[in-house]
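Colleague: Please take me through this entry, one topic at a time.

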Amino acid sequence: MLTILFDGIAYGMLLFVLACGLSVTLGLMNFVNLAHGAFAMAGGYITLILVNRAGLPFSAGLAIAFVVTALIGVLFERTLYVHVYGKSPLDQVLFTIGLVFMSVAAVDYVMGSQQVFIQIPSALEGRFEIFGVGIGRYRLLIIVICGLLTLALQMTLSNTRFGSRLRASVDDARVARGLGINVNAVFTLTFAIGSGLAGLGGALGAEILGLDPTFPLKYMVYFLIVVTVGGTSSITGPFAASLVIGIADVAGKYYVPKFGAFVIYTIMIIVLILRPQGLFARAAGR
Amino acid sequence: MATPSAPVAEVTHRLAMRARWRPLEYVFWLAALASVFLLPGRHLILTEIAWLALFALSLDLILGYAGIISLGHAAFFGLGSYLAALMAKHAIISEPVLALFVSGVCAAVLGFATSFLVLRGSDLTRLMVTLGVALIMREIANQIPAITGGADGLQGVTVAPILGLFQFDIFGHVAYAYCLTVLFILFLLARRIVYSPFGLSLRAVKGNPLRASAISISVNARLVAIYTFAAFYAGIAGALLAQTTAFASLDVFSFERSADLLLVLIIGGTGYLYGGLIGAVIFKLMQDWIANLTPQYWQFWIGLVLVLIVLVGRERIGAWTSAARALAEPLTRRFARGPMAAAYPSSPGKGGEGVPGEGH
């Protein structure tokens, strides 16, 4: 029981790190980035190459995955995404679906279509018991890393100048511009960090979520659910949503395997029925 | 108040003018008819084009005319597909045309039930809800392998002769004639609907829901109606697929199918009925061609096309189709700009009035 809770929390934390970038870009630019999962996949494969082929330590692989994915994010944001911000949601959806398709086929071409695993250090394998609760070492690591990241994000948002600029831009981009905040620069930086975090999440999560070229398609729904349920105005919303969904998904798959996958979809639809306006009202009102 | 019926007569006249058959439309359907006789070797792919065109037409009804973005239109397509296959397999309703209709009606019921979810929230919420519905449908099909065959798909389907007369053959001759007939009949129906006052009110809703409700158009009821109707079309398209291939698999619910459908419609152009039809022709030919070049990676090129379309801009892509439309326009324009039109000049508002298909 507690083990499931623990696994669920680890899963939820992972989802949060993967999806928080998406929630901020959605809130900030009102931009539907369905290709967010592609960055996560990029992070996963970068770590795979570094650790499995080049023999770097796992921690270095994670760090480099973060940096490289963030750079890829900046590159894409500056060259491609900027042209699409002003367009209708339909165009944004088409554009990012196109990117997803391209990334899936490209990774398939370069890395092969089979599922791959990153070699994690042997110290992180296995599980141990505390008070009768089985705790996987790797999952504990995920909780620690993701927990620290969440704290760091929250501190950055609430206590730094960049954080207040970002919050101002999310609240009202036009007024923020009027106050002399360079919203585009804020957005590029946020996009980079969001992509980097997705990359890190993809690398960390390869062990749990699996990693193959269809990753962006498979997990797109999960990210979107997190964002839909959690809202886009803060990071506490997506955080809570990630935990709920992580726990619900793990528990659902464990207790009612037959209806496992329905659990999260049902949660999503119930939330949408109960709070249809609350979720995207701010974005729609602009 | 001397002649209160004058505006009514004017509107009726205009609607009739708009609904006139243009020369190019005759050409289009004659070409389709000719393909039945002239291209017997290509009937298999033409069959695919026919049901895809119907599917795209269905999406055009809600996207192009009502402005509802859907990422889960495959839900209705898949439902129709499975129902048709199941009815044929277990000989519940073995006659294909009747089975087709029943599949469509069931899909419409699902569309009606889920339409209330679609009414809520913004475009983003709609994307999520429609996607969620399609995924739930897929999961249901996946979880009851006893009925649907699960991941292996539903095999062993034998489709009875159409109307008890025409047996499906392996070359797809009958299948193509069948699909084309269904497409044509449903196209006529859709054409009738979008040129009706109801169709006009949908465009008004798409243009500005608030203003539409201010002139006493019941926005939600219209959206529910057209969504249900589009689901009916999608269900029939899915049933056509199942009947012509005698197979149904989880693939019919997949996200890629909904996404490809958007591409089909975007290639052809939204908001005029031929968009889906032309898009289906181009998409299938393109897919066929690319798949011959790189069987495994054709998705990459499809993705590239999507990205390029958005970067270049759909308006500019749409320009080439509007050239074709412009050819068909002047004849009807001249009538519409007659003496009556001068008395009631059309307002330059977006959406409602104007040339059909200029929605985007």
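Predicted model: local features only at pLDDT ≥ 70, side-chain atom pairs only at ≥ 80, totals over all residues.

**Helices, core and chain contact**

Colleague: What percentage of chain B is buried?
Modeller: Of its 360 residues, 47% count as buried (20 or more other C-beta atoms within 10 Å of the residue's own; 12 or fewer is exposed, in between partly exposed; C-beta atoms are placed from the backbone).

Colleague: And what share of its contacts joins residues at least 24 apart?
Modeller: Among contacts in chain B between residues at least 6 apart in sequence, the share is 80%; a contact has C-beta atoms, placed from the backbone, within 7 Å.

Colleague: Which residues touch the most other members of the largest nonpolar core?
Modeller: L54(B) and L306(B) do, in a core of 200 residues (buried Ala, Val, Leu, Ile, Met, Phe, Trp, Tyr and Cys joined through C-beta atoms within 7 Å). Helix α1 (residues 2-29) of chain A supplies the largest share of this core, 17 residues.

Colleague: What does L306(B) touch?
Modeller: Leaving aside residues up to four places away in sequence, L306(B) touches L94(A), F95(A), I97(A), G98(A), F101(A) and L263(B).

Colleague: On to the two chains: how many residues does the contact take from each?
Modeller: Chain A gives 38 residues and chain B gives 34. On the side of chain A, the elements with two or more residues are α4 (89-111), α9 (215-230), α11 (260-274) and α12 (276-285). Of these, α4(A) gives the most, with 17 residues. That side of chain A divides into 30 nonpolar, four polar and four charged residues (Ala, Val, Leu, Ile, Met, Phe, Trp, Tyr, Cys and Pro are nonpolar, Asp, Glu, Lys and Arg charged, the others, Gly among them, polar).

Colleague: At what angle do α1(A) and α9(A) pack?
Modeller: The angle is about 60 degrees, with the axes 9 Å apart; axes are lines fitted to C-alpha atoms, for helices over the stretch in contact, and angles run from 0 to 180 degrees between N-to-C directions. The two helices are therefore oblique to each other (under 35 degrees is roughly parallel, over 145 roughly antiparallel, 65 to 115 roughly perpendicular, the rest oblique). In this pair, L15(A), L18(A), A19(A), L22(A), S23(A) and L26(A) of α1(A) meet Y222(A), F223(A), V226(A), V227(A) and G230(A) of α9(A). These residues divide into nine nonpolar, two polar and no charged.

Colleague: Why does T228(A) count as buried?
Modeller: T228(A) counts as buried because it has 28 C-beta neighbours inside 10 Å. T228(A) lies in helix α9 of chain A, and its C-alpha is 9.8 Å from that of I269(A), 41 residues away in sequence.

Colleague: Back to chain B: how do α9(B) and α11(B) pack?
Modeller: Helix α9 (residues 197-207) of chain B and helix α11 (residues 219-245) of chain B pack at about 115 degrees, with axes 10 Å apart. That makes α9(B) roughly perpendicular to α11(B). S201(B), L202(B) and V205(B) of α9(B) make the contact with V219(B), R222(B), L223(B) and I226(B) of α11(B).

How values were computed:
Residues numbered from 1 in each chain as written. Chains lettered and ligands numbered in written order. Helix = DSSP H or I, 4+ residues; strand = E, 2+ residues; numbered from the N terminus.
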